[in-house]
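The stops below concern charged side chains.

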Amino acid sequence: MLAGAVLALLAVGVTVAVVLSSDPGPTGTRQPTFVTSATPPAPMQGTTSAPTLSSTPGSSTSATSTIGPASGAPVGPTMPSRAAPIPEASQTLNVRQFGAKADGKADDTASIEAGVRAAIAQAKALLFPPGTYVMSHAVDIKGKVWLYGQAGAVLREAPSARGVMAQQGRHFSVLGPDVTLQGLTFAPLVIPVDLGIAEQASIYIRDAPRATVLNCVFDGSAGIFVIGPAAVDGRIVGNTLRAGPGVVYSYAGASRTYVAHNVVDGSRSNAMSGTGNADTPNTEVVIENNLITNAGRMGIEDWSHCVGTVIRNNRISKRLIRFEGVVGV
């Protein structure tokens, strides 16, 4: 195959592992290693007997022992435990303390903003009890904080939404380090966002190291977007995304993102994708144990200056995996 060509790989009911090595090939492009198996991957998030992720860097336990990177390939960041943490009551603020109604009618944006600021200042978690929180504009998160949604905590766009919420479907812009968003449900967008609009995301992570999105549900909302060279060591784990733009796990230099145990169904475009550039390549991303169905375009597209990506043990139906710049396959 010629240098700079595109490899498209159809994976239906088969497990696929891919390592994109940082070692240049004979024409200066990356050399992939493919490992395939007819053995189904371990159950995905939300099913029984799911695999356990070890806290040991670069290790995992899976029912499919034949799947994994080639010897010596980069394995990415430390894998988190799948046990969902719960904040201690003494270290938690309640967003309703700041006036949030969660009745599906009142605009709770100002209360959420106040709660986020207070939680950052006091180094505490911010709890969202069950209810529907209406938001009219995106909330910026600029410091270390843990936003924890109890079951039934739903965020909904207001019909009067403005700014990047109306334009790109954004609820939160993560701009500071060590931010965790857990257990929140993002309701379908009220104001439709055109598929061609760039950087649309309910959770937008820009140059923010160690951001975590854990066990959230994006139901017809705008998904997750990770961008910028300072956005390193992020975790996108255990989320469910339906009928939206999916997950952009690394863009313009975002690196070492760990993407695992997510379910993406009916994405409007790529279910998962990463794109770097010559000045800021994406490096050492790990994408494993995800379930992708009915993608609007590619299941996983990892292309243009993505170095050392590991894609393994994912189950993808009906769509393709695409890599750019592959030689000699």
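Select R206 and E199 to begin: they form a salt bridge, with the closest N and O atoms 3.9 Å apart. A salt bridge here is a side-chain nitrogen of Lys or Arg within 4 Å of a carboxyl oxygen of Asp or Glu. This is a predicted model, in which local features need pLDDT of at least 70 and side-chain atom pairs count only at pLDDT 80 or more, while totals for chains, interfaces and linings use all residues. Residues are numbered from 1 along each chain as its sequence is written, and side-chain values use heavy atoms, with hydrogens and water left out.

Now colour by accessibility. Buried means under 20% relative accessible area, exposed over 50%, and partly exposed in between (1.4 Å probe, protein chains only). R206 is partly exposed at 37%, and E199 is partly exposed at 23%.

Next, select R242 and D219, whose side chains meet in a salt bridge at 3.6 Å, N to O. This pair links distant parts of the chain, 23 residues apart: R242 lies in strand β19 (residues 240–242) and D219 in strand β16 (residues 217–219). Strands are DSSP runs of E, at least two residues long, numbered from the N terminus. R242 is partly exposed at 36%, as is D219 at 32%.

Last, select E288 and R312. Their salt bridge has its closest N and O atoms 2.5 Å apart. It also links distant parts of the chain, with E288 in strand β25 (residues 286–288) and R312 in strand β29 (residues 310–317), 24 residues apart. Are these two side chains buried or exposed? E288 is buried at 2%, and R312 is buried at 6%.

By the salt-bridge rule, the count comes to six.

Definitions and conventions. Helices (H or I, at least four residues) and strands (E, at least two) are DSSP runs, numbered from the N terminus.
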